Amino acid sequence: MSATSDELRYVYAVCRPLDAPLAADLTGVGGVPPRQLNHEGLVALVGPVPARDFAEEPLRAHLEDLDWLSETARAHQRVIGALTSVTCPLPLRLATVFRDDSGVRAMLQDGAERFWRILDRIDGCVEWGVKVHMESPDHSSDNRSSDNRTSGGHSSDIRSSDKQSSATAGGEAPEKPLSGRDYLRLRRQQRTAQDEGWKRAEAFAQRLHEELSRHADDARLHAPQNSSLSDTPGRNILNAAYLVPRAHSEEFVELVDATKDEDAAGLTVELTGPWAAYSFTGDDVESGGGAGRSR
Amino acid sequence: MTATPGRLPDPYGSGGGANLADILERVLDKGIVIAGDIKINLLDIELLTIKLRLIVASVDKAREMGIDWWENDPALSSGAHRGELAQENAELRRRIEELEGRESLEPAEKESRERYQ
């Protein structure tokens, strides 16, 4: 206990004083339970972490290690998630570390105005993540375009090159190189099929986003995720977050679920949450793409 | 794992089972930034590569198809990706020229102008 210089303070979140206790068996980074540090009406959720891992140099090295990073990120989210079930916390970015409790108090003191402003904005709300994935458009459109496409939108010059393209799509490279003309036709044909798929997918995603935004207090569009890391098949074409009052969450979830009936044509809708309001901690009240109402 | 208020629906993957990409995206890129005593700028670190791993493959493809609504995010529009598209275009032009060198040219050349300019 006295060797404080060996221990630093990892801060997970800032929130209002809790009405209900956190689960007794909740552990955070390093397997240590977090505790509440009160300062003038605000609470910081903090946990002790060893300086040998969280001082500047070792931390820098650890952050390069995807396994360490994953474990730490999961521990961070575990605490935030537990906190979200009893309050509406303001989650801090990963690896926000202070030397001691007085550093954490000073942070609460200095940032009080900003914290209160954001806490007020997200009060009573949770974040829902909604993603739309499209089945690998490259492969499916290659096959469909040459075999049994039934849509009538193709121009005659594309049909005239069907023979050439089915030979290619059949898996065997043509004996001789394509002529420049055929190469271009093939490219155009592939692109046309892809374009159609993308247009359809984009229209679906935008419609969905607009509808969900109308049922949310605020919304943010995030960059699509790379499917190789997210381990989800297909391509991510919508990655959005919605700030939704708890009281309306059930309705919101039903709304998303309802779209799953119409997500034929290679599109899937994925819902995650409830999250803490990670995506809505920005200081400025930027409009994140047509939110229904703002505060 | 913890008590959830009854009116909230069951979690959809935000607990222990949540997708690592979703968690990383939030804890590394969202959430409020506060200067701690330990000064580390996450973006100084190779961590940037993690962020890139999250987004890059989709970005190129999506932008090619005109899906570019995140362009307003300065963190993502460094211009680095534009270069790749330009490179692909140059590659295609080279390939076209090579093919045209062996064939009769007028119609193909016309198409290439329409298509790629």
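Ile118(A) is partly exposed, because 18 other C-beta atoms lie within 10 Å; a residue counts as buried with 20 or more other C-beta atoms within 10 Å of its own, as exposed with 12 or fewer, and as partly exposed in between, the C-beta atoms being placed from the backbone. The model is a predicted one, in which local features need pLDDT of at least 70 and side-chain atom pairs count only at pLDDT 80 or more, while totals for chains, interfaces and linings use all residues. Residues are numbered from 1 along each chain as its sequence is written, and chains are lettered from A and ligands numbered from 1 in the order in which they are written.

Ile118(A) belongs to helix H4 (residues 101-122) of chain A. Helices (H or I, at least four residues) and strands (E, at least two) are DSSP runs, numbered from the N terminus. When residues up to four places away in sequence are not counted, Ile118(A) touches Leu90(A) and Thr281(A); a contact requires that the C-beta atoms of two residues, placed from the backbone, lie within 7 Å. Thr281(A) is 163 residues from Ile118(A) in sequence, yet the two are 6.4 Å apart in space, C-alpha to C-alpha.

For chain A as a whole, ten helices and nine strands were assigned. Of its 295 residues, 42% count as buried. Among contacts between residues at least 6 apart in the sequence of chain A, 77% join residues at least 24 apart. Chain B has four helices and zero strands, in the pattern α-α-α-α along the sequence. Buried residues make up 25% of the 117 residues in chain B.

One sheet of chain A is open and has four strands in the order E7-E8-E6-E9, with antiparallel pairing; two strands pair if DSSP finds at least two bridges between them. Its edge strands are E7 (218-221) and E9 of chain A, each of which pairs on one side only. Neighbouring strands of this sheet are turned by 20 degrees against each other on average, direction ignored. Within the sheet, E6(A) and E9(A) pair in the antiparallel sense over seven bridges, and Met134(A) has Leu267(A) in E9(A) as its bridge partner. Strand E9 of chain A also contains Pro274(A). A cis peptide bond, with omega about 0 degrees, joins Gly273(A) to Pro274(A).

Helix H10 (residues 249-259) of chain A has Ser249(A), Phe252(A), Leu255(A) and Val256(A) as its buried residues. Seen down the axis of H10(A), these residues fall within an arc of 120 degrees, so they line one face of the helix; the arc is that of the directions from the helix axis to the C-beta atoms. The exposed residues Glu251(A), Glu254(A) and Ala258(A) are carried on the face turned away from the buried side of H10(A). The cover over the buried residues of H10(A) includes strand E6 (125-134), helix H8 (180-214), strand E8 (235-245) and strand E9 (267-275) of chain A.

Strand E2 (residues 35-39) and strand E3 (residues 42-50) of chain A run antiparallel and are joined by five bridges. Leu37(A) has Ala44(A) in E3(A) as its bridge partner. The hairpin of E2(A) and E3(A) has two residues between the strands. Glu40(A) is in the loop between E2 and E3 of chain A, and its phi is near 50 degrees, a positive value in a residue other than glycine. Glu40(A) is exposed, with 8 other C-beta atoms within 10 Å.

A positive phi, near 60 degrees, is also found at Ala95(A), again a residue other than glycine. Ala95(A) is placed in the loop between strand E4 (90-91) and strand E5 (97-98) of chain A. Ala95(A) is buried, with 25 other C-beta atoms within 10 Å.

Between the chains, the axes of helix H3 (residues 66-84) of chain A and helix H1 (residues 20-29) of chain B come within 10 Å and cross at roughly 75 degrees. That makes H3(A) roughly perpendicular to H1(B); angles under 35 degrees count as roughly parallel, over 145 as roughly antiparallel, 65 to 115 as roughly perpendicular and the rest as oblique. Axes are lines fitted to C-alpha atoms, for helices over the stretch in contact, and angles run from 0 to 180 degrees between N-to-C directions. H3(A) contributes Ser70(A), Ala73(A), Arg74(A), His76(A) and Gln77(A) to the contact, and H1(B) contributes Leu20(B), Ile23(B), Leu24(B) and Val27(B).
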